[in-house]
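Here is a brief report on one structure.

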Amino acid sequence: MTAAHSAPPTAPNRKPRDDEMDVCGLTHPGRVRSENQDHFLICHLRKQMVVTQTSIPAPDSLMGESQRLALLMMVADGVGGGAKGAEASRLALEAVSHYVSRSMHTYYAAGADDREFSEALETAAGLCHAELLKRGEENPEFRGMATTLTLYLGVWPRAYLLQVGDSRCYLLHNGELVQITRDQTMAQELIDLGVLRRTDEGAAKLSHTLSSSIGGRQTAPVVTRMELGRGDVVLLCSDGLTRHVDDARIRHHLRNMTSSRQVCQDLVQEALDQGGSDNVTVIVRRAVPSEEPVSNSPGSTG
């Protein structure tokens, strides 16, 4: 299933350089749970020439700067309790990243269209789902494990989102916060059908019961495309953040951020201060003007 983000994009311009990208992720077990079943991943995919053999002195000079093809960010929130949840989220990120890294160069070189990118991401989710089911069949200890998966693949000036479960992607565009992903929960399904209202007690009880997951009884990956501008900020998060920090507070933090690292720390801290009843994971990405230095952001990626 593919949908297009309809918000008016900032006019596309020059692709941000690596030193203009400010990206950071942070995860915390929270104040209640002893284990952290969340995992996150940030990486960039590159086009690179590798010299394997030559008679030319100093062959490194031939390789030049490695071109950034895409930025990949993922958040996975494990389901199943104990080691099962942590294992599910870890396996999901590993399996999907391997598939995307193998496929990305081919799709990029071929000038892939939206349909091809969407199908590639849906295939990655399907393979990952099958891998978790297989692991559970082979080892009863991991039977029943599952995970959410929210994946961002930035191919400037576009981004593709893969959504399974109730972790979220937000976009701050022109100072306004938009939730790009739709929660795949029983509550949201019943709200969409008109059976429940968001304020009903039943909606609250079902708000954390997944209707779709990787490795669960049903998986229904949704791919969404959106256009990005230089001033846009992207946030991925697990529901450990949104249980305690509402959209208005998230918007406030992102509008007043000084760096991705700082705003990740502030968002996680607010979730902890408000109870920290679940694992909390956030990733924030923005592109900053070249004249504005990226501050306190180790590991900035493209």
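## A helix residue

Glu 94 has a relative accessible area of 33%, so it counts as partly exposed. This is a predicted model. Glu 94 belongs to helix α2, which covers residues 82-109.

Leu 41 lies 53 residues from Glu 94 in sequence. In space, the C-alpha atoms of Glu 94 and Leu 41 are 9.0 Å apart.

## Cysteines

The number of disulfides in the structure is 0. Cys 169 is in none. For Cys 169, the nearest cysteine sulfur belongs to Cys 237, 8.7 Å away. Cys 169 is buried, because its relative accessibility is 0%.

A disulfide needs the two sulfur atoms within 2.5 Å. Cys 264 has a relative accessible area of 0%, so it too is buried.

## Confidence

Mean pLDDT for the protein chain is 84. Of its residues, 81% reach 70 or more.

Residues 6-12 have pLDDT below 50. Beyond near neighbours in sequence, this stretch has 9 contacts in the model. Residues 295-302 also have pLDDT below 50. That stretch has 24 contacts beyond near neighbours in sequence.

How values were computed
Residues are numbered from 1 along each chain as its sequence is written. This is a predicted model: local features need pLDDT of at least 70, side-chain atom pairs count only at pLDDT 80 or more; totals for chains, interfaces and linings use all residues. Side-chain values use heavy atoms; hydrogens and water are left out. pLDDT is the predictor's confidence in each residue, from 0 to 100. Contact means heavy atoms within 4.5 Å. Helices (H or I, at least four residues) and strands (E, at least two) are DSSP runs, numbered from the N terminus. Buried means under 20% relative accessible area, exposed over 50%, partly exposed in between (1.4 Å probe, protein chains only).
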